[in-house]
Amino acid sequence: MFRRDYLVRLIEDMTQMIAKVFSLKQERKHTEALWELDELFKRQFRLNSDLLRSLSAADIEQLFRSHGYLEADKLQSAVRLMEEEASLLLDLEREEEAVVLYTKVFQLYLKSALQGADLKLIGLTERIGMVRERLRSYALPETAMRDYYAYTEQQGMYAEAENTLYQLLDNGKMEYSEAVQFYQRLQLKLPEDLAKGGLPLEEVHEGMDELNRRFPHTAVNGDKSFT
């Protein structure tokens, strides 16, 4: 109960701050908006923006681990502020810094979701989707793409998971056998769930056929268990 009350108060505080930041952005007071975000980072998380910009996503994740357990909801809350900061950097035409920060945001949102964060707390599903679109024209780290692949399958976004799978395959970041296992898992799903996820059963079979066309030697000599 204490943890839930803390999170509710935190989100209320963040919501007020984000509204204030938005107002400052409208007035083109971007520097003041960045200061406000930094103050909230310090007050709520005992961190500062400079530190978070200097650390990798993996290092930031470690800051939110306690006894080996990831405080996923606390992490997603902090990352929501990082996302707002990235937006400010973009408005200031500091695109390179913004993209680096957005990439960290994407990675950490995914980690939060995969580790059981409350998806409704900050609208995590929608936030992941928006950041993914922001980064659509940029190359992402393999770890981010693999987490996105796992996340989209976990959330039943099967068409998007398949698209990500082929990006990993094309970049040599996934083995044929792992792709086969993806289609085998989908075969166990209800047809209506597959259709809801944008990948009807017929397209699952078509996807496997495409996989075998791309990797004919592996398909002949490798896993033949897909039917």
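Does Glu203 count as buried, exposed or partly exposed, and at what relative accessibility? Glu203 counts as partly exposed, at 35% relative accessibility; this class lies between buried (under 20% relative accessible area) and exposed (over 50%), with a 1.4 Å probe and protein chains only. The model is predicted, so local features need pLDDT of at least 70 and side-chain atom pairs pLDDT 80 or more, while totals for chains, interfaces and linings use all residues. Residues are numbered from 1 along each chain as its sequence is written, and side-chain values use heavy atoms, without hydrogens and water.

**Overall form**
- The protein has 13 helices and 2 strands, which are DSSP runs numbered from the N terminus (helices: H or I, at least four residues; strands: E, at least two).
- Of the 227 residues, 45% are buried.

**Salt bridges**
- The whole structure holds 23 salt bridges, each a side-chain nitrogen of Lys or Arg within 4 Å of a carboxyl oxygen of Asp or Glu.
- Arg43 and Asp13 form a salt bridge at 3.5 Å, N to O. Arg43 lies in helix H2 (residues 30-45) and Asp13 in helix H1 (residues 2-26), so the pair ties together parts 30 residues apart in sequence.
- Arg65 pairs with Glu61 in a salt bridge, their closest N and O atoms being 2.7 Å apart. Arg65 is partly exposed, at 27%, whereas Glu61 is buried, at 9%.

**Helix H12**
- Glu203 is located in helix H12 (residues 201-214).
- Arg213 forms a salt bridge with Glu210, with the closest N and O atoms 3.0 Å apart. Being 3 residues apart in helix H12, Arg213 and Glu210 are separated by about one helical turn.
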